[in-house]
Amino acid sequence: KVLILDFGSQYTQLIARRVRELNIYSEIHPFNKPPKNVDDYKAVILSGSPMSVRSEDAFHPDLSEIRGKKPMLAVCYGAQYLAHFSGGEVAESNTREYGRANLSFVEEDAFFNGISIGSQVWMSHSDTIKSLPTNGKLLASTHDVQNAAFKIEGETTYAIQFHPEVYHSKDGKQLLENFLVNIANVNPDWTPNAFVQETVEDLQAKLGDDKVVLGLSGGVDSSVAAMLLHKAIGKNLYCIFVNNGLLRKNEFSDVLEQYKGMGLNVKGVDASAHFLDALAGLSDPEKKRKAIGNAFIEVFDQEAHLIEDVKWLAQGTIYPDVIESVSATGGPSATIKSHHNVGGLPDYMKLKIVEPLRALFKDEVRRVGTSMGMDKDLLGRHPFPGPGLAIRILGDITAEKVRILQEVDAVFINGLRDAGLYDKVWQAGAILLPVNSVGVMGDERTYEKCVALRAVESTDGMTADWVNLPYEFLQKTSNDIINKVKGVNRVVYDISSKPPATIEWE
Ligand code: XMP
């Protein structure tokens with residue numbers, strides 16, 4: 001495996017993903033909290049950083065355990081770190097060094113195998129390396145950046161000023177492969193199949209004959225986690241799928257059947273009435289979220305208690321939820337997001353936690369699901385918020401409003417599927433607005449609900465843009481909704497990006 005030491009760059013996760021796309025397992029650790037067993041790692045990559053090496057409180061870890069002992073690739077800040085603290089010089093740059101640049105090679109090196117002169121790379125830095133560190137040997141330059149790539153003689157240490165991990169560095173992946181596979185001799189054997197096999201063995205060793213309970217949500221993560229555990233411990237995995245009454249139309253029964261078809265030991269619990277009661281009269285979004293969270297815990301806890309002698313709670317936590325981040329000051333920071341769907345079970349349940357997807361990014365979860373033969377549609381589902389339609393009905397929740405929104409949402413989502421647009425959209429849904437507007441139907445004036453449609457493209461939900469859906473599609477969808485869904489006489493389309501808007505309306 002490969003160790004990525006993070007200096008706080010916005011691109012660090014991308015480095016990890018690119019490395020993994022080469023079928024090489026990689027882990028991100030903060031530069032100031034490296035793992036204890038560095039020997040387990042075959043190579044080390046230093047990330048970029050928003051920090052300047054010239055700053056008084058520049059990140060300056062002691063890398064003596066790594067440097068010269070293991071193959072090391074230093075990216076951006078990493079390269080400047082090598083130069084600045086080892087006999088070279090870094091200064092403020094007087095030309096802008098952002099965006100595209102083209103490589104020209106100074107020295108032939110296996111590092112550039114398969115990469116041709118002029119290859120486009122992506123720069124993003126304001127300091128520049130004026131002179132190389134001791135034993136540094138220049139490998140490549142660009143028009144504006146003389147010391148764009150260098151190595152340290154007598155070590156397997158390489159440094160580059162540009163970012164091989166970003167998409168715009170056309171040969172970035174080839175470069176990472178050259179370094180990791182050809183130079184550092186790391187074996188590219190971390191495939192989805194290998195992951196499944198290894199994880200199943202680990203789970204078997206860890207869980208033995210213990211019983212495990214898992215909350216299924218219908219989403220990709222909990223479904224793939226369940227399949228892995230099912231492979232490992234079979235009937236000792238007890239899945240609970242709660243209907244909170246705020247799912248999409250027919251979702252509960254459809255997905256429950258699908259889970260059963262996959263051989264899962266799953267119990268469907270219809271608690272719609274309980275959730276509606278808990279939500280009665282609430283219109284503040286955070287209060288609604290809290291009420292739903294609490295109701296879920298009550299229902300789940302009650303169900304889990306029916307399973308005799310259960311020892312473990314399984315969760316679908318994935319890697320972005322657990323990566324420790326480096327704070328701007330490099331302090332001991334480390335904020336870890338809690339998993340918002342199944343968080344905070346009561347202490348008295350005293351269950352140990354097992355998280356088989358902890359090491360995976362979302363796209364890897366999908367690939368692992370595919371390698372286990374899971375259904376393509378299940379794996380390709382849009383994200384759906386834990387509180388479900390409750391945060392898409394602005395204001396208070398009633399059974400009638402849920403019914404209207406489920407109908408509207410079904411027309412929209414099925415329409416997207418029929419038009420072949422579903423997979424081109426990252427997330428889509430409908431929002432029931434707390435306004436009635438006037439309309440005419442036949443000879444009569446109506447005073448009915450208005451719904452907003454939302455479809456966004458995104459990669460992680462942190463930023464998003466609205467999707468330019470074809471007018472013909474919007475026209476047909478609007479007609480279908482108003483004709484088929486009683487109580488709605490107006491449809492609007494949300495054309496706001498995130499930021500400054502958010503994906504959901506609450
Ligand atoms: P926003 O609205 O913050 O949404 O742009 C970003 C992503 O998070 C989802 N979301 C939630 N998911 N519980 C969840 O499990 C929540 O309370 C919640 N709020 C928003 C949203 O659907 C989008 O994918």
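A residue is called buried if 20 or more other C-beta atoms lie within 10 Å of its own, exposed if 12 or fewer do, and partly exposed in between, with C-beta atoms placed from the backbone. By this rule His163, with 23 C-beta neighbours inside 10 Å, counts as buried. The structure is a predicted model, in which local features need pLDDT of at least 70 and side-chain atom pairs count only at pLDDT 80 or more, while totals for chains, interfaces and linings use all residues. Residues are numbered from 1 along each chain as its sequence is written.

**The chain as a whole**

- The chain contains 13 helices and 19 strands; these are DSSP runs (helices H or I, at least four residues; strands E, at least two) numbered from the N terminus.
- Of the 506 residues in the chain, 40% are buried.
- The C-alpha trace spans about 85 × 60 × 40 Å along its principal axes.
- Two residues are in contact if their C-beta atoms, placed from the backbone, lie within 7 Å.
- Among contacts between residues at least 6 apart in sequence, 74% join residues at least 24 apart.

**The annotated active site**

- The UniProt record, an unreviewed entry, places the feature "active site" at Cys76, His163 and Glu165.
- These residues are spread over 90 residues of sequence but cluster in space, with a largest C-alpha distance of 11.1 Å.
- UniProt positions are given in the numbering used here, feature names are shortened, and annotations may be inferred rather than shown by experiment.
- Cys76 sits in the loop between strand E4 (72-75) and helix H2 (77-85), and counts as buried because it has 25 C-beta neighbours inside 10 Å.
- Beyond its neighbours within four places in sequence, Cys76 is in contact with Ser9, Gly48, His125, Gln161 and His163.
- His163 belongs to the loop between strand E10 (157-160) and helix H3 (172-183).
- Not counting residues up to four places away in sequence, His163 touches Tyr11, Gly48, Val75, Cys76, Trp122, Ser124 and Ser169.

**Helix H4**

- Helix H4 (residues 192-207) has 16 residues and should span 22 Å at 1.5 Å a residue, which agrees with the 22 Å between its end C-alpha atoms; the expected span is 1.5 Å times one less than the number of residues.
- The buried residues of H4 are Phe195, Val196, Leu203 and Leu207.
- Seen down the axis of H4, these buried residues fall within an arc of 95°, so they line one face of the helix; the arc is that of the directions from the helix axis to the C-beta atoms.
- An α-helix has 3.6 residues a turn, so residues three or four places apart point the same way.
- Turned away from the buried side of H4 is a face with the exposed residues Asn193, Glu198, Glu201, Gln204 and Ala205.
- The cover over the buried residues of H4 includes strand E11 (211-216), helix H5 (220-233), strand E14 (310-314) and helix H10 (362-371).

**Tyr319**

- Tyr319 lies in helix H9 (residues 319-322) and counts as buried because it has 20 C-beta neighbours inside 10 Å.
- Not counting residues up to four places away in sequence, Tyr319 touches Arg358, Ala359, Leu360 and Phe361.
- Tyr319 and Val365 are 46 residues apart in sequence and 9.9 Å apart in space, C-alpha to C-alpha.
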